Amino acid sequence: MEKFASVAALLLLLCFPVAFSGHDYGQALSKSLLFFEAQRSGVLPRNQRVTWRSHSGLNDGKSSGVNLVGGYYDAGDNVKFGLPMAFTVTMMAWSVIEYGNQLAANGELGHSIDAIKWGTDYFIKAHPEPNVLYGEVGDGNTDHYCWQRPEEMTTDRKAYRIDPSNPGSDLAGETAAAMAAASIVFRRSNPAYSRLLLTHAYQLFDFADKYRGKYDSSITVARKYYGSVSGYNDELLWAAAWLYQASNNQFYLDYLGRNGDSMGGTGWSMTEFGWDVKYAGVQTLVAKFLMQGKAGRHTPVFQKYQQKADFFMCSLLGKGSRNIQKTPGGLIFRQRWNNMQFVTSASFLTTVYSDYLTSSRSYLRCSAGNVAPSQLLSFAKSQVDYILGDNPRATSYMVGYGNNFPQRVHHRGSSIVSYKVDRSFVTCRGGYATWFSRKGSDPNLLTGAIVGGPDAYDNFADRRDNYEQTEPATYNNAPLLGVLARLSSGHSGYSQLLPVVPAPVVVRRPMPIRKPRVTSPVRASGPVAIVQKMTGSWVSKGRTYYRYSTTVINKSPRALKSLNLSIKNLYGPIWGLSRSGNSFGLPSWMHSLQSGKSLEFVYIHSSTPANVAVSSYTLA
């Protein structure tokens, strides 16, 4: 906040992407998740790992008669801004949706889900009525006047809301997107919670669409810090895209098709993506739907969305008609103030788009010629490597990663001695005199935080008062979760378009989400147990299709080094396993299945469950 390769060459690039090495992306991923724990507001849980933090904001919402305890502080201050918080949650959820297996392989899926739920639990509280949403607690003016730990802040904690008389379509739309995306994350592990989130998402979208207006015209104190420059049309399209992905409801697909031109989804050629401007994200998601074969009668409109997604990607690679500026060291550069937010969000979009194109056996169409999708992934890697230290200054812009990282972060909590160590009261202005002005390193390490980063010439000043470069933000870190998980797992047969399904039945209003039912009992072969569930069905051209989820569980005290499965009576596509002839095994990125762990694969066909059995296995 403190704000025309030859065909042969193309095939080679598609088949043999660049190898990953140099940085420990798994370690960076783990550290990045710790930052979200440092940003927590409310009553901290017993499993809190950032131990220098304590409870804070325990009376938030009380003066307004609503419980607003919880959520996240956005950056280096103690305000809870709803718009960037919702975008943060949306991007964390998108990371899990696309790269959940890779997060799990790194042991970080649970922490990622916890981070998402910390946000969605707060949004449930902040949405007490269908057409009411609290969008801010505290205000930047009074908060910035003081330099205090969140545990003892004395600043105004007034709560600000939007309602039919004071609308905020951008805020409500982004929060709807966050709740819809998160509902996908919890669909299997907590179906009741998933349905609750989807209900809130439906209501918030209706609120945003019916009562239109910019939120910073209603919550005016937010304008100086998180003003809605792009307006609300991008958030309405963004929310519709996530609601379609969460519900498979044709209404939202039709919304994207019907409003793509009038709301700018097919018109804006973007060179940025972030908490304010969502068009590039919308265009990427709609391009995914098109590649999945879901566009139907909206295909001409969705093709225009994809052309704009291609424009964004090409501009990042320097192969477009209007390219994004880069520093001499190769970092994309948008603005002086917290430029890193645009770096991480763009890196995420190029990562998923690379995998979408690879899965659909397509390539990127740029004005300079056709580009292999592997170049997008290589671009994302170059940006992440820059962040982690491969830059002219050899500086890691992730706090705690590497040997040379920022020591004087513009962050109240990390710059003042922990409340658990010294409970001596830090006054509003005294905090500036005693702690803000210190030349020494922060007493509390803000592990994993991505700071604002260098200027247009790769210069960086590690000073606490240099908020443009040394202040971190949750929305800097959130998109990076998926990218780091993807890079840490190297290359494999990703199918990010999973599942490729026929178009759903047209339904005007939201369909209820039904709890998946077990369609075959748990089967065991030695230490391997198999359970299947039918998790969805739909009718297309008179035929009923079923989506089955199959979980393979290692019940042995030892790791499974290899596993061969026999799958009979399978009449459709399957994802999540490697295949050799008629035998199926562990996915190529998974070298073993640890004791007590499980893997999931899915398949779609118009029949009863396939017969899945263990042919052979090897224990470590």
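Visitor: Where is Ala394 found?

Guide: Ala394 lies in the loop between helix 14 (374-387) and helix 15 (412-415). Helices here are DSSP runs of H or I with at least four residues, strands are runs of E with at least two, and both are numbered from the N terminus. This is a predicted model, in which local features need pLDDT of at least 70. Residues are numbered from 1 along each chain as its sequence is written.

Visitor: Why is Ala394 called partly exposed?

Guide: Buried means under 20% relative accessible area, exposed means over 50%, and partly exposed is in between (1.4 Å probe, protein chains only). Ala394 has a relative accessible area of 48%, so it is partly exposed. Ala394 also has a positive phi of about 55°, although it is not a glycine.

Visitor: What makes Asn248 count as partly exposed?

Guide: Its relative accessibility is 22%, and therefore Asn248 counts as partly exposed. Asn248 sits in the loop between helix 9 (233-247) and helix 10 (250-259). Its phi is positive, about 60°, although Asn248 is not a glycine.

Visitor: How many helices and strands does the protein chain have?

Guide: The protein chain has 18 helices and 14 strands.

Visitor: Why is the protein chain called as compact as a globular protein of that length?

Guide: The radius of gyration is taken over C-alpha atoms, and the globule rule is 2.2 Å times the number of residues to the power 0.38. For 620 residues the rule gives 25 Å, and the protein chain has 24 Å, which is close, so it is as compact as a globular protein of that length. Buried residues make up 60% of the 620 residues.

Key
This is a predicted model: local features need pLDDT of at least 70, side-chain atom pairs count only at pLDDT 80 or more; totals for chains, interfaces and linings use all residues. Side-chain values use heavy atoms; hydrogens and water are left out.
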